[in-house]
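Hi,

Here is the structure I promised to pass on to you. Have a look at it first, and then read my notes below.

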Amino acid sequence: MSSIPTHQPLVCEEIFDAVKLGLILIDGEGSVLMWNNWVAEHSGIPAEFALNHPLEFLFPDGLSSPFKTAIKNALSHKLPIILSNALHRSPLPIYPLPVTQDEQKRMQQSITITPIGINEKEHLVLIQIADASVSIKREGVLKSHSVKLSKEATTDGLTGAYNRRFFDERFAAEFGRAQRKNIPLSLIMLDVDHFKLYNDNYGHPAGDKVLISVVKKLKSQLNRPTDVVVRYGGEEFAVLLPDSEREGGRIIAEKMRAAIYDLNIPHNHSKSADRITISVGLATYQPGTSCDAAHLLKAADTALYDAKHSGRNCVRCSLPSE
Amino acid sequence: MTFMTELQLDALTEIFNIGAGRAASSLSEIVGEEVKLSVPHVKLYQSSKINAEVLSLNSARLGAVKQSFIGPFNADAMLLFTEERAMEIVHDMMGSQVSIEDVAEFEQEAMCELGNIILNACLSSMADILNISLESTLPVYSVGETNATLQQIISEANQPMMLVLHIDLAIEKRLSQGYLVFLLSSSSLKELLIHIDRFISAI
Amino acid sequence: MPHRNDIKTLLIVDDSRVSRMLIRNFVLAKCPQWIITDATNGDEALKIIDHGTPNFCTMDINMPGIIGTDAAEQILSKYPGISIAIFSANIQESHRTRAAALGAKFIAKPVTEKTVAQALDFFEGKP
């Protein structure tokens, strides 16, 4: 800024109106002191009209609650505030050109609010408005492999359950933790009965819908953030319950079985019921025993096998030592 | 080697809880659901002693939102969550109609805002109650391998003392645990404690 | 200049020592004759009240054990004559509504001369 010649204020004013960004400066009472060209164009409100009026007056119906709270906060303390496009979308009535004033067509905005001219008693507040639609697309295009991978690395795209890769890491971590801290760990393995027959008869899209509903139902039986539902295979799921005794695990297993049964999704080609059901196997690691992670996994698998061969739509438990 | 008395820790915990209450209120206005945020403990550590184990962050990757505060004392403040939690939180904040794919695109800016809301609420609470004035930089979000990220945070800030606040955040009944970490120089910590003592002795 | 010279009993319930000290000091500044007892959580408060009912009570929400609004509900069902001010950092709408439904007053922290004055006004029966 130091090398700008003596007509500095005029140059700054030109810059202010040339930037491709909305700039609004408000005073300690919330009244507009400066309103740049970009804002005038994209709001349909000319600067001469906006100056010295509060924002609420200029946009009587148009400001979101969080935006008003943000301005209130900005005026009372001196900390910078952001209103991301992710969480707010379009807090101000700002539009792509030509301006339509149609609520549905507001511009996607990304807003930054910063204190300006701070002195002991008061300060001004600068509101910067950026068009977020540009950056969202760019973000999407430029998203590096590693970030996509890390997201893909943990969730199953169809159902939203965690995926097998996540399970392998988490199971090992939780088992190790259970051993170190001498706490129990329960593992449920379950699968959807006669799922292949369902797909063959009702079609794969319907089958996908079933899996999505099943996962949603399974998740709603869980309360603790450490309890996770994993899509282990095509129609096979695992539920990891750290710090859970056998009895607690059994209660959850039964709740899950009953909840899926109560979904009442008709399956006329199931050999065990008139609807979608699950077979559930449970195994629990007890601290102090010599069982390792592989044993626990095998035991849960064996219990599931047992459930399948006991007529399906049931819960079977096994001890890792069996 | 400064350490804090129980009463100083109590006062700081109260200050942060008031901040947390305000942040929760702002967050629930955005999310449209009840949001609970509380600070159950505050502890002081030497930065050199911090690693993933100490903070019990058992995950491969860590998400960190950082703001640098300046005032009568200076501090680098950070909100830390495991990356899994960060993704879940963003997903919960954006509403369940957003697909899993979209969440990753928005993670950076949503986490910046979450960090900004929580850090601002805690620091403005401190400013109000201790009657001081604080300014700050804009938030920056970074994600990386857990231990490496922690070490980088510590070496960049180059401050010997670390105030660690364990925080509990619950959105839509899903409970996430994270940390607020303040890196301070010894003189800043002393200054902070002077202000806290002033506040306590005025009671 | 003392606000009132009467003698009343007040129970302060809060797990933060600093908050208890602040409330106590601001109250005594206005009502120097009042007798003040402390409890560090809801369960302790319930026990204390069973041994002797105070006129007034301030109650935090987030404490170890029973949540403050539940404790307030229990206290008011047994002893409807007690005036309770819920004094909390947790300013969620749901708590405000619950407090009002119970007939208790909700006051957002921080504890200051002003917020304590609101509690005192409530205890005095002012709207």
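Predicted model: local features only at pLDDT ≥ 70, side-chain atom pairs only at ≥ 80, totals over all residues.

Helix α3(C), residues 68–78, packs against helix α4(C), residues 93–102, with about 5 degrees between them and 10 Å from axis to axis. Since angles under 35 degrees count as roughly parallel, α3(C) is therefore roughly parallel to α4(C). On the α3(C) side the contact is made by Thr69(C), Ala72(C), Glu73(C) and Leu76(C), and α4(C) answers with His95(C), Arg98(C), Ala99(C) and Leu102(C). Sorted by class, that contact has four nonpolar, two polar and two charged residues.

Chain C also holds a sheet. Its five strands are ordered β2-β1-β3-β4-β5, forming an open sheet with parallel pairing. At the edges sit β2 (35–39) and β5 (105–108) of chain C, each of which pairs on one side only. Direction ignored, neighbouring strands in this sheet are turned by 20 degrees against each other on average. If you zoom in on strand β1(C), residues 9–13, you will find five bridges to β2(C), and the two strands run parallel. Across that pair, Val13(C) stands opposite Ala39(C) of β2(C).

Now for the contacts between chains. How many residues of chain A are in contact with chain B? There are 31 from chain A, and they meet 32 residues of chain B. Elements of chain A that each supply at least two residues to this side include α5 (65–76), β4 (109–116) and α7 (132–142). The largest share, four residues, comes from α8(A). By class, the side of chain A that touches chain B has 13 nonpolar, 13 polar and five charged residues.

Between chains B and C, the contact takes 19 residues from chain B and 15 residues from chain C. On the chain B side, α1 (6–31) and α3 (100–130) each supply at least two residues. Here α1(B) gives the largest share, 13 residues. The chain B residues that touch chain C divide into eight nonpolar, six polar and five charged.

Notes:
Residues numbered from 1 in each chain as written. Chains lettered and ligands numbered in written order. Contact = placed C-beta atoms within 7 Å. Nonpolar A, V, L, I, M, F, W, Y, C, P; charged D, E, K, R; others polar. Axes fitted to C-alpha atoms, helices over the stretch in contact; angles between N-to-C directions. Parallel < 35°, antiparallel > 145°, perpendicular 65-115°, else oblique. Pairing = 2+ DSSP bridges.
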